[in-house]
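Here is a set of exercises to work through with the model open in your viewer. Try each task before you read its solution.

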Amino acid sequence: MTRNHPTTLVAELTHRCPLHCPYCSNPLEMNRADEELSTDDWKRVLSQARELGVLQLGLSGGEPLVRKDVEELAAHAHRLGLYTTLVTSGLGLTRSRAEKLREAGLEHVQISLQDSDVETAERIAGAASVKQKEAAVASVRELGFAFSINVVLHRANLDRIGEIIELAGSLGADRLELANTQYYGWALANRAALMPTREQVVAADRVALEAMARYRGRMQVLYVLPDYYEEYPKPCYGGWGKHYLLVMPDGRTLPCHGATHITTLAFDSVRHRSLQWIWAESPAFEAFRGEEWMQEPCRSCPRKAIDFGGCRCQAFALTGDAASTDPVCRLSPRHALVEEALNDAAGPVTYRYRDLVMHSPRP
């Protein structure tokens, strides 16, 4: 089989984080600090990634700034010619650290926001955070980084999508990613509280489309409908093992953020294998490449070259079989699972903080 070269590496430096967001994309079983790769390990991974053809690097977490070597890793990435983004909550991004990262050659900073409403934002984050985020944004703007804002959308904040967009515009973001919650891991555990109603989704879609036109040329606004409200699934990361690599804090290497939730797969570590071998030879990366693994109706569906059967993590989360058709697809024999979730979401729009399953990152 002819394989693509990966273009993007996300380096999850740590799972430690000062926030406790109920939709966190980190695994339910997070790595401890003493399980994390060393600075030298990470430098080796970045060098191997560049040799493999990777062009873009995300330094992520958890909160990557809890590690003291982010500046050193950014400088190494810069020497390799990688375009590097720091994916951060903004907490810990002091003026001093921002200056050091700029000197190291970091090009781009993405800061997460939880809401335009301060009280709700801090309730969602599980921590007082807004003032620190505002200070981080000011440093990012003054130092001339390319600047993105990411907002995860759900039932508690979707009605304020217009205010969120205006806030991002006022903060001077070059790019705003309005990322609807993906329901696996922590978000699946909290789905009843996070899932928006259809009325919310329809109204938000209108607001987002209008903002895309209004901000054209000033701020790129990206908005995609929530999976559960689509007729067909999205082509998750352009297909399993096609373009994307994610290395966890302990070195396990994945083809997407949610892959650790697929408990039937074992993921090789860069502690024991080269990144090149993992990409080209590891059973986990080979598992859903091509079409041979597909079941019906995907196997005979003309859409299989468009959406590749949908999200493997979502398929596993909902059916227990990662090779099944993503139940989001209206052609899936298990589509009723999604319809049931949407029916459950049709009730009053409430967000009961006390009902959420909150994670506490391991020390």
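**Exercise 1. A glutamine side chain**

With which side chain does the side chain of Q114 make a polar contact of 3.5 Å, that of K133 or another one? Keep in mind that the model is a predicted one. Then describe where Q114 sits.

Solution, step by step:

- Start with the partner: the side chain of Q114 makes a polar contact with the side chain of K133, at 3.5 Å.
- Then look towards Y23, whose side chain is joined to that of Q114 by a polar contact of 3.5 Å.
- List the surroundings: leaving aside neighbours within four places in sequence, Q114 is in contact with L19, C21, Y23, A121, I124, A125, K133, V151 and N157.
- For a sense of scale, pick L342: it is 228 residues from Q114 along the chain, and the two C-alpha atoms are separated by 23 Å.

**Exercise 2. How α1 sits on α2**

Work out how helix α1 is oriented relative to helix α2, and which residues meet.

Solution, step by step:

- Two numbers get you started, as packed helices are described by the angle between their axes and the distance between the axes.
- Helix α1 covers residues 39–52 and helix α2 covers residues 70–80; they pack at about 20°, with axes 10 Å apart.
- Angles under 35 degrees count as roughly parallel, so α1 and α2 are roughly parallel to each other.
- As for handedness, the crossing of α1 past α2 is right-handed.
- Now the residues: α1 brings T39, W42, K43, L46, S47 and R50, and these meet E72, L73, H76, A77 and L80 of α2.
- Sort that contact by class and you get 5 nonpolar, 3 polar and 3 charged residues.
- Finally, zoom in on T39, which belongs to helix α1. Its side chain and that of D69 are joined by a polar contact of 2.6 Å.
- Not counting residues up to four places away in sequence, T39 touches R67, D69, E72 and L73.

**Exercise 3. On to α3**

Solution, step by step:

- Helix α3 spans residues 95–104, and α2 packs with α3 at an angle of about 20°, the axes being 8 Å apart.
- That makes α2 roughly parallel to α3.
- The crossing of α2 past α3 is right-handed.
- From α2 come V70, E71, A74, A75 and H78, which meet R97, K100, L101 and A104 in α3.
- Split by class, the contact of α2 with α3 holds 5 nonpolar residues, 1 polar residue and 3 charged ones.

**Exercise 4. Buried spots**

Is F147 buried or exposed? And how many residues of α13 are buried?

Solution, step by step:

- F147 lies in strand β5 (residues 146–153).
- Its relative accessible area is 1%, so F147 is buried.
- Residues in contact with F147, leaving aside neighbours within four places in sequence, include H108, V109, I111, V137 and L171.
- Q110 is 37 residues from F147 in sequence, while their C-alpha atoms are 6.0 Å apart in space.
- Turn to α13 (312–319): 7 of its 8 residues are buried, so α13 is largely enclosed by the rest of the structure.
- The buried residues of α13 are R312, C313, Q314, A315, F316, L318 and T319. They pack against α8 (191–194) and α14 (336–344).
- After α13 comes G320, with a positive phi near 80°.

Terms used:
Residues are numbered from 1 along each chain as its sequence is written. This is a predicted model: local features need pLDDT of at least 70, side-chain atom pairs count only at pLDDT 80 or more; totals for chains, interfaces and linings use all residues. Side-chain values use heavy atoms; hydrogens and water are left out. Axes are lines fitted to C-alpha atoms, for helices over the stretch in contact, and angles run from 0 to 180 degrees between N-to-C directions. Helices (H or I, at least four residues) and strands (E, at least two) are DSSP runs, numbered from the N terminus. Angles under 35 degrees count as roughly parallel, over 145 as roughly antiparallel, 65 to 115 as roughly perpendicular and the rest as oblique. A crossing is left-handed if the near helix is turned anticlockwise from the far one by less than a right angle, and right-handed if clockwise. Contact means heavy atoms within 4.5 Å. Ala, Val, Leu, Ile, Met, Phe, Trp, Tyr, Cys and Pro count as nonpolar, Asp, Glu, Lys and Arg as charged, and the others, Gly among them, as polar. A polar contact is a pair of N or O atoms within 3.5 Å; within protein, one must be able to donate a hydrogen and the other to accept it, and residues adjacent in sequence count only if both atoms are side-chain atoms. Buried means under 20% relative accessible area, exposed over 50%, partly exposed in between (1.4 Å probe, protein chains only).
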